[in-house]
Amino acid sequence: MHLSTRRRRLAGGLAFITATALALTGCSPIGADGGTSDSSEPIRIGATIPLSGALAGFGSFLQWGYQHAVDEVNAAGGIMIDGTAREVELTLVDDKSDPNEVTSSIKTLISSTKVDALLGSCTPDLVNPGAVVADSQGVPFVAECTPIEVFKSVKEWTYAWDIFFSVADQAVAPFEALEANGIETNKQVFILHDNGPDGQAIGNEIWPAVAADQGYTIAGNIEFPADNTDFSAAIQKAKESGADIVFISSITPAAISIRKQMAAIGWTPKVIVAEKGAEPVQFAEALGDLADGIIVGAYWDPSFGYPGAEELKDAFESETGLTSSQHIADSYTAAMVLMDAIAAAGSLDKDEINDAIGETDGIYAVGPVKFDDEHAAKIPVVSSQWQDGVPIIVWPTEQATGDFLFPVP
Amino acid sequence: MKNGISILLSRIATPTRVGPRDFIIVAVLAAVAFAVPYFAGTYQQEVGFRILQLGALAAAWNIAAGYTGLVSLGSAAFFGIGVYTMAIASNAGLPIALCVVLAALVAGLFALIVSPALFRLRGLYFTVGTLALAEAMRIFVVNSPWFGGQAGIYLTARAPKAYDLYWIALLIAVFVVVCVLLLLRSRWSYRMQAVRDDEDVASQLGVRTYRTKLWAFGLSGALIAIVGSIQALNQGIVQPNGGFGMSWTIDIVSVAIIGGMGTKVGPWVGAVFIVLLGEFLIQFPEIHLAVVGVVLVLVIRFMPNGIWGTLTLALQKNRNFS
């Protein structure tokens, strides 16, 4: 009897809950909150950046570039929206170099911070997840720091844009640099590349094709996991192949390990090209003299004469006391392109801002920016070479800032 | 001599019995949670999604680690299987419900395949073995030609709304909780407990230890994969470093330990604590990680039974005195 009463109560309770739940299904849930914005409120721009984790080396440069651009615009009186000057408020979140964090943080920036537009993180692993969320939620998103082919390959973008170099251009640059500087080698190339999206594209397809075009022979090609640490077997094979030239595409820790392990077995190829990994100043700092002569694709140097480039470098070095990186130029440019688009739209309507981004056509600190039909703006690539801890531009010759160091010491 | 794992397990409370009251509480909480999207905004729905996701993951992990003593650091392997199964199956045009079921089946099959090797290991060795398993899966997916390599797979299906995701997560969380409660009501829970407390003695008493461990490990992995499958919907793009990322394993273990291992409520308390702490600190990117780390160390140092375990112990003491 007691049991049956309890069961009746249990059944009654469950029936009540079910009825309430069913009643609620007749109502509508609260969907995307349209951010109400009055003229006293700032224009909100958000971004996730890698301040910790494996890609933290990029984060500090992006943070400075974004903040510097916003500070400049605010110092000049902000942006005119519907006839009223409004300040720009930048919210940066550490994505911990984790794609999952990018997704959740971008969602928080859209739904809680109620950003009007977004800027990107760094590398395809972190840029693509953020761009996918922004694109699906209709929030303008301007990224840099991800090669344009990789960005384009994800999907047909509506609200996401990318300003960076082309992997294909980057692949051609070292061959052009060797040719233009009259470097004599046996024209045998050995390729070591990681299995990242850009590593696979450049190592398996682009480099072999370009090498064949330019009259070079591929003596060997080894692919390795992006986070590999032991390269001794691969280096031994490269040495045995007799190649004068080694091409490497990897992240920075792998590039450092490869160069150190080459030195450990007493082999120095005449030419070393190390794309991506040899780019940050941390590469040269970690290797010291061993970095000398290593060629890496670059896209910016203050000497190029783009508007504000010299001032940007000086501001970074005086404010932080650190050596500048080309990432301050692309991050600063991405933020400027976005804020120029907001100013051109004169409104915080996301579609109007998005349309204005697509209309961008100007020379910025990183170079000329004009988006193609697939939402990518290609910036020109040059070849630089580490010499005494400083990247020296060695190609194109008209932009060269020093002589080509050959062979690798 | 006790190792770290046995010290950890010795702190786990014996699972309490499960009665109809537990199911009623779950039903009431689920009904209240169901109503959240009707009065809370998108941000709250997204935070709710993360709490439900992490809580369900920790509750699923608890089946193997908390109740059976199989402290696994391979959760990311099962999570990633769920993520990738959803991406591939949904891109093939299968309905979401079927993709979720498929994720559980693939993860269960995976557990069946790796168990003979893993169950040769015990204690700390088992834990390290599972850690290698997750990493091996990540490297396999990166290198194999079928999963889009490092670039991953973009989901072609329309991105679900925040409230859709929230409700899917709620449904899955309720399913995980009901699975745990039913398991604790069954004779399996005694077998699992026996294996956890002393596998050799349990074997001598007639418990089929291999089968018991396989069920617990397989069920735990399948439930983790189910939760993983909704992460693919949440992200819209799946990548090996995200799907098989070590951060999932760390988050699950942190949530379970902070909430209270081997308890029904602990994982949910831990999930609420971790997610809300993260949200509170999101505006302070420079100190975010450091503060979370310090808080975790303090909780583990001063609340070794987790927040829920410490609270229930304090309440028991209070009752005994009064």
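These notebook entries record what I looked up in the two chains and where they touch.

Before starting, I noted that the model is predicted, so that local features need pLDDT of at least 70 and side-chain atom pairs count only at pLDDT 80 or more, while totals for chains, interfaces and linings use all residues. Residues are numbered from 1 along each chain as its sequence is written, and chains are lettered from A and ligands numbered from 1 in the order in which they are written.

Entry on the interface. I found 46 residues of chain A in contact with 39 residues of chain B, where contact requires C-beta atoms, placed from the backbone, within 7 Å. The largest share of the chain A side, eight residues, comes from α3(A); helices here are DSSP runs of H or I with at least four residues, and strands are runs of E with at least two, numbered from the N terminus.

Entry on A:V154. I located A:V154 in helix α5 of chain A, and it touches A:N128, B:Y154 and B:I237, leaving aside residues up to four places away in sequence. A:V154 and A:N128 are 26 residues apart in sequence, yet 7.6 Å apart in space, C-alpha to C-alpha. I recorded A:V154 as buried because it has 23 C-beta neighbours inside 10 Å, the cut-off being 20 or more other C-beta atoms within 10 Å.

Entry on chain B. I looked up its secondary structure, which comes to 15 helices and two strands, and its C-alpha trace, which spans about 55 × 45 × 40 Å along its principal axes. Of the 322 residues of chain B, 51% count as buried.

Note on methods: Contact = placed C-beta atoms within 7 Å. Buried ≥ 20, exposed ≤ 12 C-beta atoms within 10 Å, placed from the backbone.
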